[in-house]
Amino acid sequence: MPEMEIHLFGQVGYLTTDPRNLESMLSTRFEDWGLGARRAGLFPMLGEGIFTQDGRPWKHSRELLRRQFVRINFKDLSTFDRHVDDLVASISSSDGIVDLQPAFFRFTLATTAALLFGESTSHSGDDDRESFGTSFDYASAISAIRLRLADLEWLYKPKAFRQACDTVKKYAGHFVTEALESRGSDVASPRTESQALILDLYAELRDPDLVRDQLVHVLIAGRDTTACLMSWTL
């Protein structure tokens, strides 16, 4: 049974933390549940991926990404060194009360991008890349509002949101294009090693746009969950 019932704009929603309900939704009766309006609310930013799919496509994305996370688990932890230094420097240089949330979000976005792309969002020269962090934050915030609107998500899709989504996709797409263009190179280098994840996704999906979308899904998962964990830890 639901633990809380919500009525909003003529729609009825339910909230629950009952382990029996969660087990039903995530395991024993998984096929009986769907995303509902969540897909439409998130799709402009995320595209096709584990947060916008149901049923068999969701299972395929989960298995596809699970294999890639095994690869990431064995990466050299020195990837984090520069970003940890940047985080500590930003905190230590602040006076008075420090708002850790934006610092943690910058840190987790930079580290997740470095693991996925081999390049940090905080050390880029291109205008699109420099604006990526701001666009990512804005698109995420608007997507959260659209989720709450449920079936009325179409009422809130401002021009700035569409532009931010385009910037996010352009940034991720840049690395997909770069990795695909590198396939003909026989020269082993740290740069081509970092593209292995992208090439593996492409070998499975055979569509650059789908690969791009999967990367954006991992970016938002790596940024938000890790930043929240760091906040709760402190």
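Helix α5 passes helix α11 in a right-handed crossing. A crossing is called right-handed if the near helix is turned clockwise from the far one by less than a right angle, and left-handed if anticlockwise. The model is predicted: local features need pLDDT of at least 70, side-chain atom pairs count only at pLDDT 80 or more, and totals for chains, interfaces and linings use all residues. Residues are numbered from 1 along each chain as its sequence is written, and side-chain values use heavy atoms, with hydrogens and water left out.

The protein chain holds eleven helices and two strands. Helices (H or I, at least four residues) and strands (E, at least two) are DSSP runs, numbered from the N terminus. The order from the N terminus is β-β-α-α-α-α-α-α-α-α-α-α-α. Of the 234 residues, 38% count as buried. Buried means under 20% relative accessible area, exposed over 50%, and partly exposed in between (1.4 Å probe, protein chains only). The chain exposes about 14,000 Å², and carbon and sulfur atoms supply 57% of that area. Accessible areas come from the Shrake-Rupley method with a 1.4 Å probe; for residues, only the protein chains shown count as cover. Among contacts between residues at least 6 apart in sequence, 63% join residues at least 24 apart. Contact means heavy atoms within 4.5 Å.

Two packed helices are described by the angle between their axes and the distance between the axes. The axes of α5 (residues 100-117) and α11 come within 8 Å and cross at roughly 140°. Axes are lines fitted to C-alpha atoms, for helices over the stretch in contact, and angles run from 0 to 180 degrees between N-to-C directions. The two helices are therefore oblique to each other. Angles under 35 degrees count as roughly parallel, over 145 as roughly antiparallel, 65 to 115 as roughly perpendicular and the rest as oblique. On the α5 side, the contact includes Phe104, Phe105, Phe107 and Leu109. Among the α11 residues that meet α5 are Leu215, Val218, Leu219 and Met230. By class, this contact has twelve nonpolar, five polar and two charged residues. Ala, Val, Leu, Ile, Met, Phe, Trp, Tyr, Cys and Pro count as nonpolar, Asp, Glu, Lys and Arg as charged, and the others, Gly among them, as polar.

Helix α11 (residues 208-233) also packs with α10 (residues 196-205): the axes come within 9 Å and cross at roughly 130°. This pair is oblique as well, and the crossing is right-handed. Leu197, Ile198, Leu201, Tyr202 and Leu205 of α10 meet Pro208, Leu210, Val211, Gln214 and Leu215 of α11. The residues of this contact divide into nine nonpolar, one polar and no charged. Arg206 is found in the loop between α10 and α11. Its relative accessible area is 54%, so Arg206 is exposed. Its phi is positive, about 60°, although Arg206 is not a glycine.

Most residues other than glycine have a negative phi. Ala150, in the loop between α7 and α8, has a positive phi near 55°. Ala150 is partly exposed, at 24% relative accessible area. Glu153 lies in the loop between α7 (132-149) and α8 (159-181). Glu153 counts as buried, because its relative accessibility is 14%. Glu153 touches Ala40, Gly41 and Arg146, not counting residues up to four places away in sequence.

Ser61 belongs to helix α3 (residues 55-73). Ser61 is buried, with a relative accessible area of 2%. Leaving out residues up to four places away in sequence, Ser61 touches Gly49, Ile50, Gln53 and Gln214. Ser61 and Leu205 are 144 residues apart in sequence and 9.9 Å apart in space, C-alpha to C-alpha.
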